[in-house]
Amino acid sequence: MLWSVLKILFFVVIVAALALGAGFVMENGPSVLLRVGSIEFAPSPLVAIICALLLLLAVWVILKLAGLLVAVVRFLNGDETAMSRYFDRHREKRGYEALSDGMMALASGEGQLALTKANRAERYLGKPELTRLLTAQAAEQVGDRKTAEEAYKAMLTDDRTRFVGVRGLMKQKLAAGETDTALKLAEKAFSMKPGHEEVQDTLLQLQAGNADWTGARKTLSAKLKHGSLPRDVHRRRDAVLALSEAKGVVDEGGSIEAREAAIEANRLSPDLVPAAVMAAHSYIEQDKPRYATRVIKKAWEAQPHPDLASAFAAIQPDESPEARLKRFQPLLRSHPEHEEARLLLAELNLAAEDFPAARKSVTQIASAEGANARALTIMAAVERGEGGDDHVVRAWLARALTAPRGPAWVCDKCQNIHGQWSPTCDNCGAFDTLSWREPPKAEVSMPGGVEMLPLLVGPAPEPEPEEAPVVLHEGEVEEAETVEPATEPEEDGPVEEKEK
């Protein structure tokens, strides 16, 4: 705003100065005297200025005519291109001006103006390698996919623009959801420029989406070779692809190949939980429990996970609860304060009917704010195993209904929750973005939420004579129990066990 005011003031000052100067000259009479021989000319200042301007215009016209005359003379002397070069210079000047204006319009978001300028530049220059890209990008900006696609296809005829055309068509097909065609175009673009990082990423994502794990591993190796991927990230993602390849072999029924691929995936990334689980099961099938134990322990040291505990239990499936608790001690000592280790210890103690030890392991977790459903369910089992009142057990289970679900496989890109690990996100298609963590907080889907807690739990029963009817308050409706009432444990009978 201030700059605009300053420009206006500057313009007013210039106009005032010119007006004062012209007035001064007019008042002081003629100041220009021209003498040619014995003839003198004394024009007024205004006439002198007009004559000077006309003289400049005449000089400009003479120079143009001189250039045209030179071109005509050269043409008459046998230079057949002299005339065309003379006019081509003017056409090129206008064409490059239109091209420059079109690029500025594209950068400023004026797609329709950029498209108009691109057509004008094409008409003047006749150089499609310069104008087709501007036409395609301007058409994309205004949403004219047909014009953009035609421009990209036209680029395929020129070696200098072929890669740009293939890449443009690939992005067009991706936007249209034609992934099969986009995959072929990505492979073509990759063969032309293997070091192009965007093409590498697009091809890798499309190959992973099509379960072409072998091709994806080759693309990943190319990324490492051309320096677009750190070596540690390459090892991790190569392990993910090897694991996916192993799962594909399992689906096809090739057991030996699946075992080898699973072990290879675990070797590439020992901390990848799904790879460790699959490798452990492979060793179990080969009757190599020591190797399976070693794999699980190494992965557990990196990240405790319930799938690892399940695979560790599968090494000795028929052992007694006491023997299992003893065998799990090396795993539990690795991360004694980790929530997963404490919950696992509580479950093992439950199976062994050591309810005080189970309570000691889970009480702090279940009593904390934001306790997950698993901890609350274990606490309910502890109360039931110790012969607690039914309403106490139901209270813990009612809390579990509205509690968070606990850690899960969550996509780091779109936050989508997955029931099982997969190399690509089912929602956004991103590759290697699933991590085991607490999902984002969401509203409880249970109708009524915590407001229904008294209805689910019910009031504490008061001591009454046997077979006495329960008196309800006026207007109170008998609640529908969502949990089977717990039976009193027999003196020597086993209590409900929960084996991992």
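Which residue in E5 is the bridge partner of Trp409?

## Basis of the model

This is a predicted model, in which local features require pLDDT of at least 70 and side-chain atom pairs count only at pLDDT 80 or more, while totals for chains, interfaces and linings use all residues. Residues are numbered from 1 along each chain as its sequence is written, and side-chain values use heavy atoms, with hydrogens and water left out.

The bridge partner of Trp409 in E5 is Trp436. Strands (E, at least two residues) and helices (H or I, at least four) are DSSP runs, numbered from the N terminus. E3 (residues 408–411) has Ala408 and Val410 pointing one way and Trp409 and Cys411 the other way, and all are buried, that is, under 20% relative accessible area (1.4 Å probe, protein chains only).

Two strands pair if DSSP finds at least two bridges between them. E3 pairs with E5 (residues 434–437) in the antiparallel sense over four bridges. With E4 (residues 417–418), E3 pairs in the antiparallel sense over two bridges, and Val410 has Ile417 as its bridge partner there. The hairpin of E3 and E4 has five residues between the strands, and in this hairpin Gln415 takes a positive phi near 65 degrees.

## Helix H8

The 14 residues of H8 (residues 179–192) should span 20 Å at 1.5 Å a residue, and the end C-alpha atoms are 20 Å apart, which agrees; the expected span is 1.5 Å times one less than the number of residues. Ala182, Leu183, Leu185, Ala186, Ala189 and Phe190 are buried in H8.

Technical notes: Buried means under 20% relative accessible area, exposed over 50%, partly exposed in between (1.4 Å probe, protein chains only).
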